[in-house]
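Please keep the model open beside the text while going through the numbered points.

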Amino acid sequence: MLKKLASLALAGAIIASVPAMVFAEDTQGSGAPTQKAEALHPLKQLLQEKAAAFGITTDGKTKEQIKAEIKSVSEADRLAHLQAVAAKLGIQTDGKTAEQLKTDVQAAAHTKLAAKADKLGVSSDGKTNKELRAALKAAKAAKKAEHDAKRADAVNKKAAKLGISTDGKTTAQVFAEIESALQAKWAKKVQQ
């Protein structure tokens, strides 16, 4: 969701910068720009590509009209996306603006992240959603490292019991040797 919001913000920034660049293009030279100059102008091309991406036709429209349509469609897409996310989270969307929905979605996300943090013993007090995600990621990594260390210790103890050397070997290699030794031991018992 944040990636989509960031891309929409970037698109808005690009759209907002187009008028100044287009104005500069229109006022340079001795009159109207040539077709070659228009065809090569990257900002005009960007505006047309953006319009095409939103399914907006540009034929016979001014740059301002195209920008207004892009902005309108972009805002409608943003609102629809926020409404879909809010609906998934059980948030009422009727009559709410995009900003209100964004605030509600962020609050719901914070509540979910705080619940996950509590389960992992991570304090959520005064932390933003971004900080909570980072803390949760670190806690999960620490928990996995602890689990891996316990597993490695158990495998090494079993290897020592069976007389298998663990020097310079990974836990997976030691585990494979333990399995082989146990299979050989069981096969020997079956033959007897």
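1. A patch, as the word is used here, is made of residues with over 30% relative accessible area and no salt bridge, and like charges are joined within 9 Å. In this model, which is predicted, Lys112, Lys116, Lys119 and Lys140 form a positive surface patch.

2. Helix α5, which covers residues 98-119, gives the largest share of that positive patch, namely 3 residues, and lysine 112 is found in this helix.

3. As for the overall fold, the protein chain has 7 helices and 0 strands, and 23% of its 192 residues count as buried. The chain exposes about 13300 Å², of which carbon and sulfur atoms supply 57%.

4. Side chains of opposite charge can pair when their charged atoms come close, and the count of salt bridges here comes to 7. One of them joins lysine 144 to aspartate 148, with the closest N and O atoms 2.9 Å apart; the two residues are separated by about one helical turn, because they are 4 residues apart in helix α6 (residues 129-162). Lysine 144 is exposed at a relative accessible area of 51%, whereas aspartate 148, at 35%, is partly exposed.

5. Another salt bridge links aspartate 153 with lysine 157, the closest N and O atoms being 3.5 Å apart, and these residues are also 4 residues apart in helix α6. Aspartate 153 is partly exposed, at 41%, while lysine 157 counts as exposed, at 56% relative accessibility.

6. Lysine 169 and glutamate 177 meet through their side chains in a salt bridge of 2.8 Å, N to O. Lysine 169 counts as partly exposed at 30% relative accessibility, and glutamate 177 counts as partly exposed at 32%.

Definitions and conventions
Residues numbered from 1 in each chain as written. Predicted model: local features only at pLDDT ≥ 70, side-chain atom pairs only at ≥ 80, totals over all residues. Heavy atoms only, no water. Patch = residues over 30% accessible without salt bridge, like charges linked within 9 Å, V, L, I, M, F, W, Y side chains within 5 Å. Areas by Shrake-Rupley, 256 points an atom, 1.4 Å probe, with all protein chains shown as cover. Salt bridge = Lys/Arg side-chain N within 4 Å of Asp/Glu carboxyl O. Lys, Arg positive; Asp, Glu negative; His and termini not counted. Charge placed at Lys NZ, Arg CZ, Asp CG, Glu CD. Buried < 20%, exposed > 50% of the residue type's maximum accessible area, 1.4 Å probe, protein only.
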